[in-house]
Amino acid sequence: MKQLQTEYFTFTEIGGVGEMIYRAVRFPEYVPEYNHASKEDEIKPLFSFLGRPISGTDYSITGQELLASLCNLYKKINAPDSDERVTDLVWDWCRNHIHPYDIDVLCDEIENGDFVNAEFHEWLQRRATFEVRGFVSDVCKLGTAFEYYDALQKIRCSRDVSAGRGLYYEGRICDSLPFLEKYRQFADDTEYLRRVNADYDNRLFDLLEMFPDFKMRVKQDRKTHKAEMCAEIHSVFNIAWYAFARMVADVAPPADTDLDYMFSQGSILICMACGEYFVRHSSRQRYCDNPACKAERNNRKARAYYKRKNAGEK
Ligand SMILES: [Zn+2]
């Protein structure tokens, strides 16, 4: 898919085609800490004069990939039987991705900051420290909405009734969305599909209502010096919601559902081996890019081949 580099998100980027590349901040390391004053777990970034944070345009992870990775984190955090510490899961995500909050402000500060100055160091560390609880709340809002969207897509496009029936569960942190519970009474698959499809506009409305307001303001592009209408980017959640909005707006199925059209838009699928979300790059991809899952795919292919071959010889 075409990748667009963007310093700011203008109306064109949010409504347009292609995948977005955006600004990001990375700290060399983080440490989880308990704040005795607020009685909250926090994640604090660590850096030094030599090991400085990096800021600027980030080519390593697109908006859709960020969305998929946050939804995977949601699934891990909220799994009913999970016993992994939530703080450790959030900590791990930050170490392996990008800094989650205050992206625009931190980018500007890091670009112009005086890292020899102890006061600046202290200020930056305090500014970039964030509470785990707020992050978990943000990831749950995003994750439950995406889970619902994913179930709706499966019902609508693949007539996958089990995705709808399995949507609701009581998670460790929050419950998934109950919008499809009322259709459970229709035990017959054809009847279930008919009822959901008849209400489809209302179910889509439920989803769109969950999107946060997108705040735009006039900013000056530092390269072109032109004033532009730009979206405010405070956090990775803003970026993920924008990417999600683009998917919903782009992929909303036309009257006669055209699968080729959908797959050309870079959809997010669930890997058949590990069950995590991933961004599909070709229309036939069913497994994520994890080497173990690729190996699993090749094994299954080989097994299927021998099965066919043996069946043919008998
Ligand atoms: Zn996988």
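The model is predicted: local features require pLDDT of at least 70, side-chain atom pairs count only at pLDDT 80 or more, and totals for chains, interfaces and linings use all residues. Residue numbers start from 1 along each chain as its sequence is written.

**The hairpin**

Select residues 29–35, strand β3, together with residues 40–46, strand β4. Strands and helices here are DSSP runs numbered from the N terminus, of at least two residues (E) for strands and at least four (H or I) for helices. β3 and β4 pair in the antiparallel sense over seven bridges; pairing requires at least two DSSP bridges between the strands. Val31 stands opposite Lys44 in β4. Four residues separate the two strands of this hairpin, and in the turn Lys39 has a positive phi of about 60°.

Next, colour β4 by face. Asp41, Ile43 and Pro45 form the covered face, whereas Glu40, Glu42, Lys44 and Leu46 lie on the uncovered one. In a regular strand the side chains alternate between the two faces of the sheet.

Phe130 in β6 is the bridge partner of Ile43.

Angles run from 0 to 180 degrees between N-to-C directions, and axes are lines fitted to C-alpha atoms, for helices over the stretch in contact.

**Where α3 meets α6**

Select helix α6, residues 132–158. α3 and α6 pack at about 80° with their axes 10 Å apart, and are therefore roughly perpendicular (65 to 115 degrees) to each other. Val86, Thr87 and Val90 of α3 make the contact with Val132, Phe135 and Val136 of α6; residues are in contact if their C-beta atoms, placed from the backbone, lie within 7 Å.

Finally, centre on Leu142. Among its contacts beyond four places in sequence are Leu70, Tyr74, Phe237 and Trp241.

How values were computed
Buried ≥ 20, exposed ≤ 12 C-beta atoms within 10 Å, placed from the backbone. Contact = placed C-beta atoms within 7 Å. Parallel < 35°, antiparallel > 145°, perpendicular 65-115°, else oblique.
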